[in-house]
Amino acid sequence: MTETFGSIALTIGGGRVETAARFDVINPGTGGIAGTAPDAGQAELDLAVAAANAAFPAWSARSDAELQAACTAVADMLEAHAEELAQLITAEQGKPLAGIGSRWEIGGAVGWARYTAGLSLPMQVLQDNDQGRVEMYRKPLGVVGSITPWNFPVLIAVWHILPALRTGNTVVSKPSPATPLASLRMIELMNEVLPSGVVNSVSCQDTDFNMGAAMSGHDGIAKIVFTGSCGTGQKVMQSSAGTMKRLTLEMGGNDAGIVLSDADPEKIAEGLFWGAFINNGQTCAAMKRLYVHDDIHDAVCKALVAYAGNIKVGEGTREDSVLGPVQNQMQFDKVARLVAQARAKGQVLLGGDAGEGLFFPPTIIAGLGADDPLVYEEQFGPALPVIRYSDIEDALAQANALDVGLGGSVWSGNVDKAKEVAKRMECGSVWINSHGMIQPNVPFGGVKKSGFGVEFGEEGLKEYTTIQAVFS
Ligand code: NAD
């Protein structure tokens, strides 16, 4: 298959920058080539960092109202090109255009950009008395390096870039080599409404040269905001130590959902499904383990399987596809391995057998316990283990036993009772009777090895600033 999309370049200092080499981006739905991306190296990174540093003084000197207006212009620009960006996401990421797919992702990115534009961190007076006046200012850091994963390429890049810009920082953005196209195009579009050098892009195949590691160690970058796996996040921390960079690390999780004995299986089945299978399970805060009380275990499994059994999996450009393929071969192999190991011991209630190419059907496996890899490893794909419990203390102990903690959920007919359980879960967000519903006004982040720092809302904005106290 030939390249579907035109030649997408890096944007550095406001202009197109071509590289000597390009790499293929695979369309996971067809196995063909969705496009090619520039394979940047140290030279392009140095150029991008220099351009972002050169743009910083004028950008950070802008008034709050000017920064707000510029971020709103970015949101308008993304909205005007929503369909083009959605098509690119589907071609490289695989998710359907329709439903909770690429168009939904772009809609979220536009909404998030607009909401972030409207936030502000005004100066605070900490003291004003006969001892003196103390004002606290939040100042931008400088150049922010953004490193993103392949599951929501545009949405996550917006989560990084917009708060950085809003607080007066400039940006160098690196997309995942699996999904660089929509991100590169998005940054090209942002540059139509932003001054040169304020946002720059550096895609890289990460074979001979590791762009993320080079960014993390770069002297000209003041902060890294990273979203990706736990192992890579730890490498970011190591590479950045020498330069004392500020870090926000949004890493993997293994979210538990706990269904209490008083939940209504029919009522919660749809929410359980989408909590676990949104974006084909390739979502940081998706439900990755489901603990169900003995009294209603079979009824919950039956209702969940009935709902999931009607979900159509297919190529993303088909309007009737509800879920697409797994994004890449490595992830597909991981899901296939975990399912193969789990089926040896558990009961496959739905799915279990790989489809063609990278397609894997929604898979639900019951009868598993704490020592099954599908339970204790992050599958990041369309396979949900169901674990039966009879004592809530035991369910909570199992839910909290892992060294990650991003999200969690409690499902019950009694919200107050559910809240008591929720507060005892070791994770950054807990939902009652839903899972993974993140919002632009609510701080989101992990505990334990899921990372540190938060995104979204005013708390998220603060992460892109440093405090200066002025005494007079
Ligand atoms: P990944 O860690 O493999 O890659 C993430 C990014 O890091 C990519 O751009 C990659 O090129 C880059 N990278 C690779 N080596 C690097 C290095 N040495 N230093 C710096 N950067 C490097 O993750 P992935 O497979 O793309 O994404 C899936 C993972 O991301 C899952 O674990 C998922 O849970 C997690 N995730 C977390 C969140 C969250 O908000 N917490 C959101 C989405 C995904």
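This is a predicted model: local features need pLDDT of at least 70, side-chain atom pairs count only at pLDDT 80 or more; totals for chains, interfaces and linings use all residues.
Close-up 1. Ser229 brings a polar side-chain atom to 2.6 Å from an oxygen atom of the ligand. Thr148 uses its backbone instead, with a polar atom 2.7 Å from an oxygen atom of the ligand. A polar backbone atom of Ala213 is 3.3 Å from a nitrogen atom of the ligand.

**Close-up 2. Two domains and the area between them.** An automatic or database domain assignment gives domain 1 (10–251 + 450–471) and domain 2 (255–439). Their centres, taken over C-alpha atoms, are 30 Å apart. Where they meet, 26 residues of domain 1 are in contact (heavy atoms within 4.5 Å) with 27 residues of domain 2. The buried area, meaning the accessible area (1.4 Å probe) that the two parts lose on being put together, summed over both, is about 2100 Å², and carbon and sulfur atoms give 62% of it.

Close-up 3. One salt bridge is counted between domain 1 and domain 2; the term means a side-chain nitrogen of Lys or Arg within 4 Å of a carboxyl oxygen of Asp or Glu. The side chains of Arg103 and Glu319 form a salt bridge at 3.4 Å, N to O. On the side of domain 1 that touches domain 2, helix H3 (82–93) and helix H4 (102–117) each supply at least two residues; helices are DSSP runs (H or I, at least four residues) numbered from the N terminus.

**Close-up 4. Arg185 and Glu84, a link between helices.** The salt bridge count comes to 28. One example joins the side chains of Arg185 and Glu84 at 2.5 Å, N to O. Arg185 sits in helix H6 (residues 181–193) and Glu84 in helix H3, so this pair ties together parts 101 residues apart in sequence.

**Notes for all views.** Local features need pLDDT of at least 70 and side-chain atom pairs count only at pLDDT 80 or more, while totals for chains, interfaces and linings use all residues. Residues are numbered from 1 along each chain as its sequence is written, and side-chain values use heavy atoms, leaving out hydrogens and water.

Methods:
A polar contact is a pair of N or O atoms within 3.5 Å; within protein, one must be able to donate a hydrogen and the other to accept it, and residues adjacent in sequence count only if both atoms are side-chain atoms.
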